[in-house]
Each structure stands twice: as C-alpha cells, then as structure tokens.
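User: I would like to go through this model by question and answer, with the cut-offs behind each term stated as we go.

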Amino acid sequence: MNEILNQEKSIYLQISEMVENDILRDILLEEEKVPSTNELAKFFKINPATAAKGINLLVDEGILYKKRGIGMFVAQGAKQAVKNKRRDAFFETYIKSLLTEAARLGIGEEELIAMIRQQRQQE
C-alpha cells in the first residue's frame with residue numbers, strides 16, 4: 001500500500017482500490033491478513049471509520065472476509081473476483097463509449113482494430 005491518496009474520488013473508494021491493487025499484484029495473497037482499519041487510518045492519516053468503509057466495501061463484494069477477533073483476510077478467489085469486476089468496469093467505462101464514438105465517426109471494426117494495433121506497436 002504505497003499509493004498516495006488524492007482528491008479525485010472518495011477516500012474510502014481509494015482505500016478499497018488500493019487493497020484490490022495489492023491483491024492483483026500478489027502483494028496480498030488469498031487467506032492472508034490485510035492491514036487493519038486502524039493501521040490504514042494511521043498510515044494515511046484518515047479517520048478509522050473511513051478506512052473501515054473502504055474495507056467493508058470489499059467484504060460486501062466477497063473479496064475480503066472477517067475472522068472474528070483476528071481481522072480481515074483475503075478470500076479464496078479474490079484475485080479473479082477483482083479481475084472480473086475491473087473487466088466489467090473497463091467494458092462499461094471505455095469499450096462501450098469507444099464503440100459508440102467509432103460508430104458516430106463511421107469507423108468500422110477492422111479500422112478500429114488496426115488503430116489499436118498501431119498504438120500498441122508505438123508503445
């Protein structure tokens with residue numbers, strides 16, 4: 001969790017995304033304990049309730065689970081769940097609008113794929 005909070009979105013959402021990022025990067029593994037809300041609050045200098053809201057979001061999604069009296073842990077299948085969630089969001093946020101704009105401009109599927117390939121070669 002070496003990321004920095006910013007003003008672009010709610011802090012609790014950023015906390016949630018940071019935990020997800022650590023799961024995707026294998027920093028937090030399945031069945032591994034995640035930092036407590038107090039640890040997160042101290043590290044980021046935020047209210048513990050804000051940190052808890054971000055963590056509870058992941059509990060509600062089944063990405064984390066609570067062991068009573070011990071703490072929060074990464075659930076089995078959490079990495080795949082995060083990937084699926086992010087793929088769905090990617091599709092909704094980027095792909096749908098890309099296809100809508102391409103249609104408005106008369107850009108067909110083959111031309112669009114060629115544009116994507118050209119950009120990938122430049123990277």
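User: How far apart do the centres of the positive and negative side chains of the protein chain lie?
Analyst: This is a predicted model, in which local features need pLDDT of at least 70 and side-chain atom pairs count only at pLDDT 80 or more, while totals for chains, interfaces and linings use all residues. Residues are numbered from 1 along each chain as its sequence is written, and side-chain values use heavy atoms, with hydrogens and water left out. Lys and Arg count as positive and Asp and Glu as negative, His and the chain ends not being counted, and each charge is placed at NZ of Lys, CZ of Arg, CG of Asp or CD of Glu. With 18 positive and 19 negative side chains in the protein chain, the centres of the two sets lie apart by 6 Å.

User: Which pattern does the protein chain follow along the sequence?
Analyst: Helices (H or I, at least four residues) and strands (E, at least two) are DSSP runs numbered from the N terminus. The protein chain has five helices and two strands, and read along the sequence they give α-α-α-β-β-α-α.

User: What radius of gyration does the protein chain have?
Analyst: The radius is taken over C-alpha atoms, and the globule rule is 2.2 Å times the number of residues to the power 0.38. For a compact globule of 123 residues the radius would be near 14 Å, whereas the protein chain has 18 Å.

User: Is E20 buried or exposed?
Analyst: E20 lies in helix α1, residues 11-24, and touches L58, E61, I63, V82, K85 and R86, residues up to four places away in sequence not being counted; contact here means heavy atoms within 4.5 Å. Buried means under 20% relative accessible area, exposed over 50% and partly exposed in between, with a 1.4 Å probe and protein chains only. Because its relative accessibility is 1%, E20 counts as buried.

User: And is K45 buried or exposed?
Analyst: K45 is placed in the loop between α2 (37-44) and α3 (48-60). Since its relative accessibility is 74%, K45 counts as exposed.
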